[in-house]
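Take a look at the fold below. We start with the sheet, then move to the helix and the ligand.

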Amino acid sequence: MNLNHDDGAVVSVEGVTRTFGDVVALDDVSLDVGPGELVGLLGPNGAGKSTLLSLVSGLRRPDSGTVRLLGKDPTDAAARAGLGMTPQETGLPATLRVGEVVDFVGGHYPDAVPTPELLTQFGIEDLARRQTGSLSGGQRRRLAVALAMAGRPRVVLLDEPTTGLDVAGRTALWDAIRDCHRAGVTVLLTSHYLEEIQALAERVVVIDHGRVLADDSLAAILERVGASRVSYAGPDGARQEHLVPDSDEFVRDLVRSGTEFTGLEIRHASLEEAFTELTKGSADGPGPGTAPTPPARSGIARQGSGHGTEGANR
Ligand SMILES: Nc1ncnc2c1ncn2[C@@H]1O[C@H](COP(=O)(O)OP(=O)(O)OP(=O)(O)O)[C@@H](O)[C@H]1O
């Protein structure tokens with residue numbers, strides 16, 4: 001499925017390279033995000049995700065290539081009027097109250113969301129009179145994401161929006177992000193939590209070493225790396241796991257082989273498994289858009305109980 005939108009892209013990145021001294025943070029990256037899409041940017045530390053967001057938001061310029069935001073140069077104030085952003089770290093004036101900060105930020109926009117409404121949307125209405133310096137890390141994070149939405153943006157860039165949040169805080173923030181998306185806002189988010197990308201994103205862009213390794217729907221990304229994980233306990237009772245492209249065929253072969261087994265479980269490969277496959281060896285490896293090496297027909301065998309995200313959370 002081609003989810004790129006050549007026309008009317010909200011975010012358009014074409015052939016962009018950006019270096020910092022000797023470090024190539026982005027290496028000929030191209031990416032279009034269409035209106036109303038919710039795109040998850042996934043990549044290990046130092047992959048280039050934040051650099052990409054900084055170019056899209058106009059905070060930095062590319063060395064070569066072009067970046068457009070809402071059809072304009074992102075350094076143009078008119079383009080940024082439609083943008084909301086939560087950087088990885090947000091400095092908030094410690095002595096201002098939460099409500100005052102929201103009032104202040106909203107005051108910069110012609111049609112800001114009323115402060116009580118915004119605070120309620122992000123579940124922090126009880127904090128309105130608290131000084132921001134007294135907030136916990138998770139509370140600050142929720143406020144930071146709320147501030148990105150204050151001006152009713154058409155597009156929001158969220159850099160690791162839920163880092164440091166507990167489970168309840170993360171779930172609440174996911175709901176708020178989904179609400180914004182349902183209201184038509186285009187969302188581009190980075191995360192280290194694969195379950196977060198799996199829960200929220202319709203489209204996943206995997207970046208490593210400044211290059212796009214994959215850009216597709218979540219379902220297609222999962223399909224590219226072996227469809228299912230089959231696990232069972234063998235004759236000695238030890239649990240075995242296999243990542244296989246065709247679980248039916250695998251189970252037929254298992255039965256035919258006469259191997260004794262119990263507790264057979266089959267489930268779709270998680271995004272974590274897909275991500276591990278995609279980024280394996282990318283340092284010396286594939287160029288932009290290069291398909292990953294598919295697992296061997298017999299699958300990837302693992303001993304033990306395995307790890308990672310169980311199933312889709314959508
Ligand atoms: N201002 C800078 N000066 C020098 N190097 C930089 C600068 N900003 C980023 N880099 C380097 O560029 C590369 C990409 O960094 P970037 O912050 O974009 O990665 P990231 O994918 O956001 O990583 P993380 O998940 O750790 O936040 C890294 O090697 C980083 O060290």
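**Sheet, helix and ligand shell**

Three strands form an open sheet in the order β2-β1-β4, with antiparallel pairing. The edge strands, β2 (23–33) and β4 (64–69), each pair on one side only. On average, neighbouring strands of this sheet are turned by 25° against each other, direction ignored. This is a predicted model: local features need pLDDT of at least 70, side-chain atom pairs count only at pLDDT 80 or more, and totals for chains, interfaces and linings use all residues. Residues are numbered from 1 along each chain as its sequence is written.

Some terms need their cut-offs. Helices (H or I, at least four residues) and strands (E, at least two) are DSSP runs, numbered from the N terminus. Two strands pair if DSSP finds at least two bridges between them. Strands of a sheet pair through backbone hydrogen bonds, either parallel or antiparallel.

Now follow β1, residues 11–20. Seven bridges join β1 to β2, and the two run antiparallel. S12 stands opposite D32 in β2.

Where does helix α1 lie? Helix α1 (residues 49–56) lies across β1, β2 and β4 and runs at about 120° to β1. Contact here means C-beta atoms, placed from the backbone, within 7 Å. Axes are lines fitted to C-alpha atoms, for helices over the stretch in contact, and angles run from 0 to 180 degrees between N-to-C directions.

Turn to the ligand. The residues around the ligand include F20, V23, A25, G43, K49, S50 and T51; each has its C-beta atom, placed from the backbone, within 6 Å of the molecule. Both β2 and α1 give two or more residues to this shell. The largest share, three residues, comes from α1.

Terms used
Contact = placed C-beta atoms within 7 Å.
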